[in-house]
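Subject: Structure handover

Dear colleague,

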Amino acid sequence: LSLGHQEVDITDQSVVEQAFVKHKPQYVLNAAANTQVEANESDAFGAYAVNAIGAYYVSLAAHRHKAVVVHISTDYVFDGKRSYYVETDSPSPLNIYGASKLAGEQLVAIANKHHYIVRTSALFGDKQVGSPPNFVDLVISSARNKNNIKMVNDQYTTPTYTADLGKAIYDLLEEELPFGIYHIINNGSCSWYEFALYILKEAGITYKIQPIKSSESSSNIVRPRSSILRSNYSFDLPSWEDAVKRYLFNNVYKGT
């Protein structure tokens, strides 16, 4: 059962409680988040309301109703000073978004010992009508509309397909792995510039993307240089390149 913001506002504790009373879940996956990094920086209250306090309300209600909670978190809980991060590395966020997500992780764990905290990164995948475009869609639409595309080539991540993430989370629950923190991402890594180039190549679109340094970006938000996630566990997800190909095939993108 997929409940969106209109059905359950997780910042309202009574609404969260009512949802648990009504649906009586054994497992609850909290994918709700305020992921707008720029907006978070100017509205810390709004960021923490969803990413921390809302996450706490969901986890606490799950505890009261004897349900397992799966909480989706982010690579942005790290500062990017290492080449990659595993589950046992210490978080050190650089911005409000990362800090609010780290607070959410901590509060989820405090509220419910039966928890899985799943960190992932650079998500793309099918979405509900009305949702903002993901990175893949944004790059393709920008190229087709002949917009000027500038992409940082000194920030590195692991693009992850939500279909692969969802299957891995299902397997995590099926195998009843120990409660705790897990990094679930597609295999490999790239810069955002390399990600964008690959998207257009596989979509059959010829268009120039300008590589820039983070210092040349219009954003004033400090972001981790390398937020590549790896795992101490074997989830055996396909490469991010394979994931992009499958996403494009499933969404019938044609070259122009």
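In what follows, buried stands for a relative accessible area under 20%, exposed for one over 50%, and partly exposed for what lies in between, taken with a 1.4 Å probe and protein chains only. Please keep in mind that this is a predicted model, in which local features need pLDDT of at least 70 and side-chain atom pairs count only at pLDDT 80 or more, while totals for chains, interfaces and linings use all residues. Residues are numbered from 1 along each chain as its sequence is written, and side-chain values use heavy atoms, with hydrogens and water left out. Helices (H or I, at least four residues) and strands (E, at least two) are DSSP runs, numbered from the N terminus.

With those terms in place, I begin with single residues. Ala109 belongs to helix H4, which spans residues 96-111, and because its relative accessibility is 31%, Ala109 counts as partly exposed. Between Ala109 and Leu60 there are 9.4 Å from C-alpha to C-alpha, although the two are 49 residues apart in sequence. Phe124 is part of strand E4, residues 123-124, and with a relative accessibility of 1% it counts as buried. Its C-alpha atom is 8.4 Å from that of Tyr247, across a sequence separation of 123 residues.

For His115 and Asp126, which are eleven residues apart along the chain, the C-alpha separation is 26 Å.

Two further residues deserve a look for their backbone angles. Lys146 has a phi near 60 degrees, which is a positive value in a residue other than glycine; it lies in the loop that runs between helix H5 (135-144) and strand E5 (150-152), and at 60% relative accessibility it counts as exposed. Glu176, also not a glycine, has a positive phi of about 50 degrees. The loop that holds Glu176 is the one between helix H6 (162-174) and strand E8 (180-183), and Glu176 is exposed, with a relative accessible area of 64%.

I turn now to the packing of helices. Axes here are lines fitted to C-alpha atoms, for helices over the stretch in contact, and angles run from 0 to 180 degrees between N-to-C directions. Helix H7 (residues 192-203) and helix H8 (residues 240-250) have axes that come within 10 Å and cross at roughly 45 degrees. That makes H7 oblique to H8, given that angles under 35 degrees count as roughly parallel, over 145 as roughly antiparallel, 65 to 115 as roughly perpendicular and the rest as oblique. The axes of H5 and H7 are 10 Å apart, and these helices pack at an angle of about 65 degrees, which makes H5 roughly perpendicular to H7.

Last come the spaces inside the model. On a 1 Å grid over the protein atoms alone, a cavity is a set of points where a 1.4 Å probe fits but cannot get out, and a pocket is an open set with protein on both sides within 12 Å along at least five of seven lines, while lining residues have an atom within 4 Å of a point. Grid points are joined across faces, edges and corners, and a volume is the space filled by probe spheres set on the points. One cavity of 30 Å³ or more is found in a search of the whole structure, and the volume of the largest cavity is about 40 Å³. Its lining is made up of Asp75, Tyr76, Gln155, Tyr156, Thr157, Trp192, Pro224, Arg225 and Ser227. The second largest pocket holds about 230 Å³ of space; it is lined by 16 residues, of which Ile185, Asn186, Asn187, Arg230 and Ser231 are the closest to its centre.

With kind regards
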